[in-house]
Amino acid sequence: MVTQNKKVVTRFAPSPTGFLHIGGARTALFNWLFARHHGGDFLLRIEDTDRKRSTEEAVEAIFDGMNWLGLHHDGEVVYQYARRDRHVEIAEKLLAEGKAYHCYCSQEELQEMRDKARAEGRPLKYDGRWRDRPASDAPEGVNPVVRFKAPQEGEQVINDHVQGKVTVANEQLDDMILLRADGSPTYMLSVVVDDCDMGVTHVIRGDDHLTNAFRQAQLIKAIGWELPEYAHIPLIHGSDGAKLSKRHGALGVDAYRDMGYLTSALKNYLLRLGWAHGDEEIISEQQAIEWFGLEGIGKSPARFDFAKLENLNGYYMREVESNETLAGLIRERIEAEIGRALTDSDMALLVSAMDELKPRAKNLNELAESTLFLFVTRPLSINEKAEKLLSDDARQMLGSLVAQLENVDDWQMDDLEEEVKSFAEVQELKLGKIAQPLRAALTGSNMSPGIYDVLLWLGKEESLARIRDQAG
């Protein structure tokens, strides 16, 4: 439920320690859709407080992945590390109000505390030994951490849009650290302060953060701020039900782009990975914005299935994306393979061939590969299977065929088909005995679109030259 008369604000807050992985991309998509559905803002925060692991390359990878997916954020990017003084300010305010305290425990004491709790079968949590001790007890020369004085009685309730009402007893939550001994703020403090300062109304994230929500809610209430609404999404699992790993598809968004998947197909797939609108499978971006709601998110982990993604990608290539768009998307791939830039006439040819080529491909890489024969320079490289089709008899046959095709004045589909069939009758050969060697000569492969399409695309001069190259 959305609070009346309050602008919806969501955020995506990745840590820049690597690529934008597929689970993060889905989280960003859900936040983006929810904000767009309600006419609100979708904000981006880079949680770069882990200075050892955060890199500029990872930040750029996040920007690149989100731009490719079309998940454009509103306003300026917020960098969490740059706001550390604000985080410290809030911790000091809590100290002044008696809602936080200095803890002087050594690492040895903390380890002893954990060992004792483990031996007694109790939760491994801080025992609060510095919670109410006077400052006069502080040992000299020890830099303390600042801990939050969490409520010890009652319970913390999260009314989650996905998980439902979730409750935890406050006694189960210990006094978390807000500032480390070096004075730097912790993740838990930084997230709370940033979300509140950014005006985030809805925190939509993976359910691995659900336990954090209880602690963060305690802190928000202590500061005196309003709780956001929560929606904790079940994580993505592999097709076998196990935790998602690289073998299942836990790759960066950039890897899917490199594998030749369309942005539109990947977004549609991620949308349906844990969210549903009736039985709809093919959902356009505009429909997704119109239909998206948190009530459509399921409680069970979604399963990543490469085969389904591949099928969906094939559908978008055939039915959704225009021939001009597809030609533009594979242009660089083709140019990289043939070692030259495509001309305007090359691009016109590529667009005209799309209707025949795209139904055969499952991704842009396959589509680009299937077009290479149109632009390679003679003499063609013949693959092993095609070479077997070019026997001595087949080459002699091609020599006779090229002589007949030279007389074709109107190089059009019907005339070419009639000429080849006429040749087959005279030679007393089945069409396959002609088409297969002809295909090998024209494309260098044993597989291609219809042979008459190939002849038409290559044109008379190039077609005859390629056949002569292989004719006996």
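Which residue is the bridge partner of Arg 147 in β8? In this predicted model, that partner is Ile 177. Residues are numbered from 1 along each chain as its sequence is written, and side-chain values use heavy atoms, with hydrogens and water left out. Because the model is predicted, local features need pLDDT of at least 70 and side-chain atom pairs count only at pLDDT 80 or more, while totals for chains, interfaces and linings use all residues.

Strands (E, at least two residues) and helices (H or I, at least four) are DSSP runs, numbered from the N terminus, and two strands pair if DSSP finds at least two bridges between them. An open sheet of three strands has the order β4-β5-β8, with antiparallel pairing. Its edge strands are β4 and β8, each of which pairs on one side only. Neighbouring strands of this sheet are turned by 45 degrees against each other on average, direction ignored; the axes behind such angles are lines fitted to C-alpha atoms, for helices over the stretch in contact, and angles run from 0 to 180 degrees between N-to-C directions. Strand β4 (residues 100-103) is joined to β5 by four bridges, and here Tyr 101 stands opposite Arg 147. Towards β8 (residues 177-179), β5 has two bridges, and Val 146 has Leu 179 as its bridge partner there.

In a regular strand the side chains alternate between the two faces of the sheet. Strand β5 (residues 145-148) is covered on both faces, with Val 145 and Arg 147 on one side, Val 146 and Phe 148 on the other, and all of them buried (under 20% relative accessible area, with exposed over 50% and partly exposed in between, for a 1.4 Å probe and protein chains only).

A second open sheet, also of three strands, has the order β1-β2-β3 with parallel pairing. Strands β1 (9-12) and β3 (78-79) stand at its edges with a single partner strand each, so one side of each is left without a neighbour in the sheet. Four bridges link β1 and β2, with Thr 10 opposite Phe 42. Two bridges join β2 (residues 41-46) to β3, and Arg 45 faces Val 78 across that pair. From β1, Val 9 and Arg 11 point one way and Thr 10 and Phe 12 the other, and all are buried. Helix α2 (residues 56-69) lies across β1, β2 and β3, running at about 160 degrees to β2.

Strand β1 also takes part in the lining of the largest pocket, which has a volume of about 1000 Å³. On a 1 Å grid over the protein atoms alone, a pocket is an open set of points where a 1.4 Å probe fits, with protein on both sides within 12 Å along at least five of seven lines, and lining residues have an atom within 4 Å of a point. Of the 33 lining residues, the closest to the pocket centre are His 21, Gly 23, Gly 24, Asp 208 and His 209. The largest share of the lining, five residues, comes from α1.

Elsewhere, Lys 358 lies in the loop between α12 (344-357) and α13 (364-371). Lys 358 is buried, with a relative accessible area of 8%. Its side chain makes a polar contact with the side chain of Asn 323 (2.8 Å); such a contact is a pair of N or O atoms within 3.5 Å, where, within protein, one must be able to donate a hydrogen and the other to accept it, and residues adjacent in sequence count only if both atoms are side-chain atoms.

How values were computed. Contact = heavy atoms within 4.5 Å. Points joined across faces, edges and corners; volume = space filled by probe spheres on them.
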